[in-house]
Amino acid sequence: MTMLGPTGHTDTFVRSNLPPADLWPEIKLGDFQYPEWMNAAVELTDKMVEKGFGDRIALIGQGRRRTYKELSDWTNRIARTLVEDYGVEPGNRILIRSANNPAMVACWLAATKAGAVVVNTMPMLRAGELSKIIDKAEITLALCDTRLLDELVAAAEASPVLKKIVGFDGTASHDAELDRSALDKPVQFKAVETGRDDVALLGFTSGSTGVAKATMHFHRDLLLIADAFAREVLQVTPDDVFVGSPPLAFTFGLGGLAIFPLRFGAAATLLENASPPNMIDIIQTNKATISFTAPTAYKAMMAAMDQGADLSSLRVAVSAGETLPGPVFEEWVNKTGKPIIDGIGSTEMLHIFISNRLHDFRPSTTGRPLSGYEAMVVDENMNEVPRGTPGHLVVKGPIGCRYLDDPRQQEYVRSGWNVTGDTFVQDDDGYFHFVARSDDMIVSSGYNIAGPEVEAALLKHEAVRECGVIGAPDAARGTIVQAHVVLKDPALASDALAKALQDHVKSVIAPYKYPRSVVFVAELPKTESGKVQRFKLRAPAA
């Protein structure tokens, strides 16, 4: 492990909560070298203006097109406001709650310029989920789209640490507290000098238990994912226009819809509601060239092409979030004549680390490691298994897992390798093939859903005695959340109660986690010690 470089943080919370050095994965920077002092947000805005991109479009969204010069000025004004009006100090954690829109990107960049550690969160999260994040990261200031205040206000009322919520306008009107303060500020701001090894971002990910883990990413890591995947695989140029559905709160979305385009002087189109019809419309309107979404959306796009939609501007389609079925891949290539890039990444590794390439792709494979990364398939004792044998996927490279103060660091990092929690097979040619998640995590339409968290929500309903939640195969979504429910009174089983249970779950946790299928059963299969045997529930579902 390399020694940590100097820090620009005066608030030392994140650096002092990094895992102990002996629990780090091996980090091999190789060709990815960065200056000792750097601020990732400056590199993506002010430095792009200096390079001559000032008049080019950076962000499209909410009916506006903003240039790199406008984005640079806008983020400098907000950064000034954060420091001068709200007393933000380098190393403070700032939570941002918003849908995908230019204002969210501006707030993220501005907070990063101010030297803060940003925690981006999805609009779908409920107060209980937000509270866990606020407490874990000891967040004192939150920036929130004024249309989404309710759940965050509820979380703040329950929180001993969150002192201040500042509203911003996620539309293009600039009509909220943060915007009004920023409009009075000069457009120059001397960004905080942060170290390349200073934490810039905390990416929260739910483990299979549903207890959130915070992954810690340095300023250099934010640029590194662009200099690795976006440069090598996507071959981004300033003429590219990005579009996609993943939330910016996911590191997959932040990379694909903010960092990648801004690193290369390209444009990002941001959609608050990235449904397939909206994506199709935006691709046609803005002649998008690179799209990021899940396989389900690509199926919908192909159906739209059959109805006359013109998606010929797309140069690259990136599929992630769940494995890409072979038939979807083949149909896309046949219809468009262009590849659909399947890859695997993780929040711990910040972005994709194994991928197909534009001129090296095969159906039903996840491809090969990016330059600078190594991967292998191992058994329980970390010994590599023979080719063609399923095992645990482990990976190492220039980025690795660092959890914020979490004992699960020892599970994710073993013998210097990052253990991804996926079962894979490597073939004789060196290509990797996804088999399954190794734990009880359900991946549905690109979202990670922890079965136990859904179970806990269901158990809060007075009609439920016990339940077991699994991922069940589904033609449209790949996998759906399926709940096997034992009722206190079996006579109450009905479609109406199933719907009531679904609505109940949506009210307790983020709505995308609700069980799309509810099966009433007399009892659950259990071990002698009383543990629910979810694999037995999966067998009939498959």
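Here is a short chat about how a few features of this predicted model get their labels.

Me: What should I know about the model before we start?
Reply: It's a predicted model, where local features need pLDDT of at least 70 and side-chain atom pairs count only at pLDDT 80 or more, while totals for chains, interfaces and linings use all residues. Residues are numbered from 1 along each chain as its sequence is written, and side-chain values use heavy atoms, with hydrogens and water left out.

Me: Why is D406 called buried?
Reply: Buried means under 20% relative accessible area (exposed is over 50%, partly exposed in between, with a 1.4 Å probe and protein chains only). D406 has 10%, so it is buried.

Me: What makes K136 a contact of D406?
Reply: Contact means heavy atoms within 4.5 Å. Leaving aside neighbours within four places in sequence, D406 is in contact with K136, A212 and K213.

Me: Where does D406 lie?
Reply: D406 is in the loop between β17 (391–396) and α14 (409–412). Those names come from DSSP runs numbered from the N terminus: helices are H or I, at least four residues, and strands are E, at least two.

Me: How do you know that the largest cavity counts as one, and what lines it?
Reply: On a 1 Å grid over the protein atoms alone, a cavity is a set of points where a 1.4 Å probe fits but cannot get out, and lining residues have an atom within 4 Å of a point. By this rule there are two cavities of 30 Å³ or more. The largest holds about 40 Å³ of space, the volume being the space filled by probe spheres set on the points, which are joined across faces, edges and corners. Its lining includes N120, F204 and L254, and β7 gives the largest share, four residues.

Me: Which strands are in the open sheet of nine?
Reply: The order is β2-β1-β10-β9-β11-β12-β13-β14-β15, with mixed pairing. β2 (64–67) and β15 (368–369) stand at the edges, each with a single partner strand, so one side of each has no neighbour in the sheet.

Key:
On a 1 Å grid over the protein atoms alone, a cavity is a set of points where a 1.4 Å probe fits but cannot get out, and a pocket is an open set with protein on both sides within 12 Å along at least five of seven lines; lining residues have an atom within 4 Å of a point. Two strands pair if DSSP finds at least two bridges between them.
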